[in-house]
Amino acid sequence: MEHPENSDEYKGLAVNKGVEQPSTVNPYFKGRQFKRQPKLSVAEYVDGIVKGNVAVLSRAVTLVESLLPEDQAIAQEVIEKCLPYSGNSVRIGISGVPGAGKSTSIDSFGLHVLKDGGKLAVLAIDPSSERTKGSILGDKTRMERLSVHPSAFIRPSPSAGSLGGVARKTRETIVLCEAAGYDKIFVETVGVGQSETAVHSMVDFFLLIQLAGTGDELQGIKRGIMEMADGIIINKADGDNADKAELAARQFRNALHLFPATESGWMPQVLTYSGFYDLRIKEVWDMVWAYIDFVKKNGYFDVRRNEQAKYWMYESINESLKNGFYNSPVISAMLEQKEKQVLNGELTSFVAARQLLDLYKLQ
Ligand code: GDP
C-alpha cells in the first residue's frame, strides 16, 4: 500500500491552484502597442496634415524629431510640401524661469485666445529636458484645461539634444502645425539661458514672464533677454503679492526706458496679471494683438520673419557642416591625437584646427 505521506492531501507544501487571474493589461491595448502602424507616404502625410488630421500631424512631428536618416528624409520632404500652406499664424514665444508660472499661464492664455475660434498649437524648446515621450501625459496635466480642448495641440519639447538641434525641430514643427490650420502657435521655453535666443528667432512676439517679490528683480535677469522681450508680464499679481508685482512692474518700466529704441518701433510694455486666478489675461492679450497690428501696419512683421528665415538658413548650414565634420570617420580618428598634441604644447590650437579642417576638405 502507498505511504499516506505520498498522498497529495498530506504534503505540507501543497499549493492551492487558486482562481484564474484577469489580465492586468487590456489585451486590446497590448495588441495595439506592438502592432506597427502602416507607413504613410509623403503624399499621405501632407494630405492628412492639410486636412487637419491630428493623428497624422503627431506622426509627422515624430518623424521630424527622429534621428534616423530615413525618417529625416521623409520629414524634410513633408515639410517642404507643407511650406506653401504655412506662415499664416501668429507665433508667440513664452519664456520664464521654472516656477514662473509658464504652464499655468499658457493654460489660461490658451483658453483666452481660443475664445474667438481658431486653433492653437503649444510647442516647447527645452534642450535640457530629460523628458521622454512618456511625459506627454505629464505636459498635458501641466495644462489641464487646454489639454482637453478640441482645438489645442500640445506637444512637449523634442527630447534632449543640442540647443540648435532641438530648436530647429521646433521650428520645423511650426511649419507642420501651420499647414494643419493652427493659426496661433505658442513656443514655450525655460528662461535660463540661450534658449530665448532660439525662441526669439522663430516667433513674432516674445513674452517674458517674471515674478516679483525678491526686491532685486532686475538683477536676476540678463539685459540681453530683456532687450528681446516685446512684453514683460509679472505673474502671480494676486493676494498679498499684488502690490509687490506692481512695484516690480514700475522697476521694469523704468529700466526699459533706458534701453535703445527697438527695431520695430514698438515700446515694450510691462503688465501684471495672475495666470492662476485668471486676472487681467485680457490685458495681456490686448497688448499682444496691439503689437501684431502695429508691426503688420509698419511692415516690421514681414521684416522680422524674413530675418528669421535667413537666420534658419545659416543655422542649418552651420549645423550640417558641424555634424558632417565631427561625424566624419577621418576626423574622429584624428581628433583625440590632435587634442593631445595641443595639450602637450606640440601644436597651437589654431594649427591643430587648421590641420583637421584641411584633412576634412581633402576627403
Ligand atoms: P512653470 O515651471 O513656469 O511652468 O510654472 P507652473 O505653471 O508650474 O507654476 C509654478 C507654481 O506657481 C505652481 O505651484 C502654480 O500653481 C503657481 N502659480 C502659477 N501661476 C500663479 C499665479 O498666477 N498666482 C499664484 N499665486 N500662483 C501661481
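**The ligand and its shell**

Around the ligand stand 15 residues (a residue is near a molecule if one of its heavy atoms lies within 4 Å of it), and of these Gly 99, Lys 102, Ser 103, Thr 104 and Asp 238 come nearest. This is a predicted model, in which local features need pLDDT of at least 70 and side-chain atom pairs count only at pLDDT 80 or more, while totals for chains, interfaces and linings use all residues. Residues are numbered from 1 along each chain as its sequence is written, and side-chain values use heavy atoms, with hydrogens and water left out.

Helix α5 (residues 102–114) gives the most to this shell, with 3 residues. The shell as a whole divides into 4 nonpolar, 7 polar and 4 charged residues.

An oxygen atom of the ligand lies 3.0 Å from an N or O atom in the side chain of Asn 235, and polar backbone atoms also take part: one of Gly 275 is 3.0 Å from a ligand oxygen, and one of Phe 276 is 2.9 Å from a ligand oxygen. Taken alone the ligand exposes 580 Å², of which the protein buries 68% (areas by the Shrake-Rupley method with a 1.4 Å probe).

**Two packed helices**

Helix α13 (residues 300–327) and helix α14 (residues 329–343) pack at an angle of about 70°, with their axes 5 Å apart; α13 and α14 are therefore roughly perpendicular to each other (65 to 115 degrees). In their contact (heavy atoms within 4.5 Å), Phe 325, Tyr 326 and Asn 327 of α13 meet Pro 329, Ile 331, Ser 332 and Leu 335 of α14, a set that divides into 5 nonpolar, 2 polar and no charged residues.

Technical notes: A polar contact is a pair of N or O atoms within 3.5 Å; within protein, one must be able to donate a hydrogen and the other to accept it, and residues adjacent in sequence count only if both atoms are side-chain atoms. Helices (H or I, at least four residues) and strands (E, at least two) are DSSP runs, numbered from the N terminus. Ala, Val, Leu, Ile, Met, Phe, Trp, Tyr, Cys and Pro count as nonpolar, Asp, Glu, Lys and Arg as charged, and the others, Gly among them, as polar. Axes are lines fitted to C-alpha atoms, for helices over the stretch in contact, and angles run from 0 to 180 degrees between N-to-C directions. Angles under 35 degrees count as roughly parallel, over 145 as roughly antiparallel, 65 to 115 as roughly perpendicular and the rest as oblique.
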